[in-house]
Amino acid sequence: MFTERRADRDRPYTVGAISGLVASLFADRFKWRMPFLVGAQLTLIIAYAILVTKAEFIKSNVPLCYFAVHLACAGLYPIPPGVSAWTVNNLGPQKRAMGVGLMVMIGSIGGVIGSFIYLDREKPKYPTGFGTSLAIAGAGVVSSLILEVAYWRINKRRAAMGEDEVREKYSVQELEQMDDRSPLFRYNL
Amino acid sequence: MNPRAGFFPGANYIVGQWYPPHKTQTRIAIFYTASAASGAFSGLLAFLIAKMDGAGGYEGWRWIFILEGIASVVAGFASLFLLPDSPALSHKWLMPDEIRFLELSHIKHRGRSAETSHKVEAQTLWKVIKDWQLYFLGMVFMSNTVPNYALKFTMPQIIQNMGFTSSRAQLLTIPYVF
């Protein structure tokens, strides 16, 4: 009994772990982070949409809810490695260490929010919890897309300026000080 | 709640010091996946350690804290000696040519870091705080950390309705919050 129940609990997380690894392998292979982040976020939104509508009538929807939990894990796990790599790759040497720290700190605030929105008195539907989660996931999709467009436009603008032209305009020290704002820096999409 | 909060920024940074951009995410994914896998493993480990109940006059739950705490401290100290921050500090296990290769590859992909001082670090902190991109990246991260908690509450209900008793189900759905 013990192992059987553990397996029921562990299966969604196993799916999540595999999803996180596979998405990361593809993102590295194609050197493109955004589609695998947005894909994961949309998977998460579908999963939570199922859960928020069916959680109230869980007894008659156990297989569907159990499937949705797998889907939720598959969407949750690719996000931390994806956004971490995106941040590490898009900061210059000067800002990299502190910048990653700030990004993870903002993400961790989400953990604090998460621990307050699933209210016991709203059991089993948790409208506040699922509502906030869906809104934040939607905002995450929008953020990914805003970053993608911004990175693409900045890269295009910088590519229009030749390296010789840049070197003529700025000294080596100035370029170092600009970090990822240097016209020679290219963002990872 | 989350003793590993300091771990991931450091781990992500060190991966960035060693690997080029197109090899970074897979390495970072291994950290996060290991965190999930250890969640599955730690339940079993705790179950086994709890069987030491009474040994040395200590209850089983105390043994869980003692043994798992010792393991973390030993791993922490070992990493001081076994985990160099960058190729430049790896003379003990890399050939000079290999170090040179990794350093040049790093500079090519990620640039060279300038001289640092306390004054420069204060300026850098300000640059980081002003960087609007980091707030959007943080928002992307939050699309994981906020919804993550739902599983803690829905999983017990689902597993319970799959035919298990409530307290047991609650015990067995302790979430893996990294």
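**Helices within and between two chains**

Student: At roughly what angle do the axes of α5(A) and helix α1 (residues 7-18) of chain B cross?

Tutor: This is a predicted model, where local features need pLDDT of at least 70 and side-chain atom pairs 80 or more, while totals for chains, interfaces and linings use all residues. Residues are numbered from 1 along each chain as written, and chains are lettered from A and ligands numbered from 1 in written order. The two axes (lines fitted to C-alpha atoms over the stretch in contact, with N-to-C angles from 0 to 180 degrees) come within 9 Å of each other. They cross at roughly 140°.

Student: How are α5(A) and α1(B) oriented to each other?

Tutor: Take the crossing angle of roughly 140°. Under 35 degrees counts as roughly parallel, over 145 as roughly antiparallel, 65 to 115 as roughly perpendicular, and the rest as oblique. The pair is therefore oblique.

Student: Which residues of α1(B) make the contact with α5(A)?

Tutor: Two residues are in contact when their C-beta atoms, placed from the backbone, lie within 7 Å. On the α5(A) side, the residues are A:Arg96, A:Ala97, A:Val100, A:Gly101 and A:Val104. Facing them from α1(B) are B:Phe8, B:Pro9, B:Asn12, B:Tyr13 and B:Gly16.

Student: Zooming out, which element gives the most to the side of chain A that touches chain B?

Tutor: Start with the whole interface: 82 residues of chain A are in contact with 64 residues of chain B. On the chain A side, α1 (2-30), α2 (34-54), α3 (62-76), α4 (79-89), α5 (96-117) and α6 (127-160) each supply at least two residues. The top contributor gives 17 residues, and that helix is α5(A).

Student: What pattern does chain A follow along the sequence?

Tutor: Helices here are DSSP runs of H or I, at least four residues, and strands are E runs of at least two, numbered from the N terminus. Chain A has eight helices and zero strands. Read along the sequence, that gives α-α-α-α-α-α-α-α.

Student: How are α2(A) and α6(A) arranged relative to each other?

Tutor: Their axes lie 10 Å apart and the helices pack at an angle of about 165°. That angle makes α2(A) and α6(A) roughly antiparallel.

Student: What share of the contacts in chain B with a separation of 6 or more comes from residues 24 or more positions apart?

Tutor: Chain A is a handy reference, where 75% of the contacts between residues at least 6 apart join residues at least 24 apart. Chain B, like chain A, is made of helices, with eight of them and zero strands. In chain B, the share is 30%.

Student: What percentage of the 178 residues in chain B is buried?

Tutor: A residue is buried with 20 or more other C-beta atoms within 10 Å of its own, exposed with 12 or fewer, and partly exposed in between, C-beta atoms being placed from the backbone. In chain A, with 189 residues, buried ones make up 45%. For chain B, the figure is 29%.

Student: Is B:Leu67 buried, partly exposed or exposed, and why?

Tutor: B:Leu67 sits in helix α3 (residues 60-82) of chain B. The C-alpha atom of B:Ile49, 18 residues away along the chain, is 8.3 Å from that of B:Leu67. Because B:Leu67 has 14 C-beta neighbours inside 10 Å, this residue counts as partly exposed.
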